[in-house]
Amino acid sequence: MNRGDTSRRDFLKKCATGAAVLGAAGKAWPEQAMRAEGMPLLAAAEQTAAPGKSKVVIARDAMLRGTTTTVDSSRVLSLLDRAMQSFFNVDHPAEPWKKLVRPGDTVGLKINTLGGRGLSTNVQLVEAICERLQEIGIKAHDIIIWDRDTDEMDRVGFHTSTADNRVQCFGTDRIGYEDELSTFGKVGSRLSKILTQRTNVMINLPILKDHESAGVTIAMKNMYGVIHNPNKCHPNGCDPYVADVNMLPAVRSKMRITICDATTACYEGGPGFKPQYSWQENALMVSQDPVALDYTSWQIIEKKRAEKKLETLEAAGRPPRYIATAADAKHQLGTNDPRRIDLIEVSA
């Protein structure tokens with residue numbers, strides 16, 4: 001085992017549980033400033049897709065797990081580099097991150113731990129991202145790994161940390177939600193203070209999986225983890241609620257990129273982990289267009305359902321209607337038109 005493998009493996013294990021959450025309030029990237037610079041509100045980083053298209057990269061590694069059931073940390077780092085370099089069309093592993101963040105930013109890594117150990121954002125992937133961020137000058141304490149609930153995070157291997165000289169790792173339950181509602185369309189929600197006060201950049205780290213009512217839950221629905229009342233946003237297959245949540249200003253202005261953990265995926269019975277309905281896709285998916293990523297992911301799930309002789313999500317009565325809503329004239333969060341999606345598949 002080389003030194004790099006050891007440092008990544010020990011990274012979160014060394015995080016100690018603290019009594020108080022430390023750190024300055026996050027710095028907003030004002031919407032009007034983004035417009036003035038000609039940057040899309042979804043993400044300030046440059047897109048590198050063909051003109052008029054949204055880029056989605058799928059990077060796969062058939063040997064990601066080696067001979068075990070656990071993903072290999074070194075191969076995860078290599079797969080992440082391949083995905084990010086392909087997305088931004090650059091040669092050096094540091095270059096993609098320089099296009100997304102700058103020293104002094106406070107970066108929130110929004111993971112998904114609802115599915116438990118079998119179907120949550122991999123610790124190894126998060127460690128790899130933290131490693132790359134620190135290499136370009138982001139200080140450890142300016143990185144926050146977060147989700148809704150600290151205990152949920154602990155159960156899947158993310159060890160709570162609030163020490164001032166380490167990467168922060170805790171749930172919204174530690175600091176709460178804003179008092180005032182943020183609203184758009186049918187959504188009125190209080191947002192996590194981690195999003196509103198502790199970070200000025202968000203990187204979305206969802207899972208590729210089925211959902212019992214929404215059809216699928218990937219990039220956009222992972223934002224249900226930033227609001228206080230996701231239970232209120234499930235009627236009608238979560239449509240238009242998923243799209244409306246992603247229109248909330250703090251969500252839209254701080255989002256930079258989605259890196260979907262598709263190492264283990266779920267084609268039925270989600271969002272919880274059911275081994276009989278899961279498979280090892282051994283992939284990462286990258287995009288700055290969450291609609292295009294969700295549409296592409298939906299097609300992957302439908303393909304797997306067909307392989308397993310299951311009916312389509314439409315036939316099952318739960319098509320992911322919110323994807324089309326997110327692309328409509330009211331929301332314009334991205335595209336669900338496959339003719340406007342530049343899909344690039346690479347292998348590690």
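What share of the 348 residues of the protein chain counts as buried? The answer is 59%. Keep in mind that this is a predicted model.

**The chain as a whole**
- If you trace the protein chain, you'll come across twelve helices and twelve strands.
- Take the contacts with a separation of 6 or more: 72% of them are between residues 24 or more positions apart.

- The structure has four aromatic pairs to look for.
- One of the pairs is F87 with F88, an edge-to-face arrangement with 5.0 Å from centre to centre and 80° between the planes.
- F87 and F88 are both buried.
- Y295 and W298 have ring centres 5.8 Å apart and planes at 85°, so this pair is edge-to-face too.
- You'll find both Y295 and W298 in helix α11 (residues 290-307), where they sit three residues apart, or about one turn of the helix.
- Y295 counts as buried because its relative accessibility is 17%, and the cut-off for buried is under 20%.
- Y267, Y277 and W279 make up a cluster, joined by ring pairs.

**A charge over a ring**
- F87 has another neighbour to check out: K55 lies over the face of its ring, 5.7 Å from the ring centre.

Conventions. Residues numbered from 1 in each chain as written. Predicted model: local features only at pLDDT ≥ 70, side-chain atom pairs only at ≥ 80, totals over all residues. Heavy atoms only, no water. Helix = DSSP H or I, 4+ residues; strand = E, 2+ residues; numbered from the N terminus. Buried < 20%, exposed > 50% of the residue type's maximum accessible area, 1.4 Å probe, protein only. Contact = heavy atoms within 4.5 Å. Phe/Tyr/Trp six-rings, centres within 6.5 Å; stacked < 30°, edge-to-face > 60°. Lys NZ or Arg CZ within 6 Å of the ring centre and 35° of its normal.
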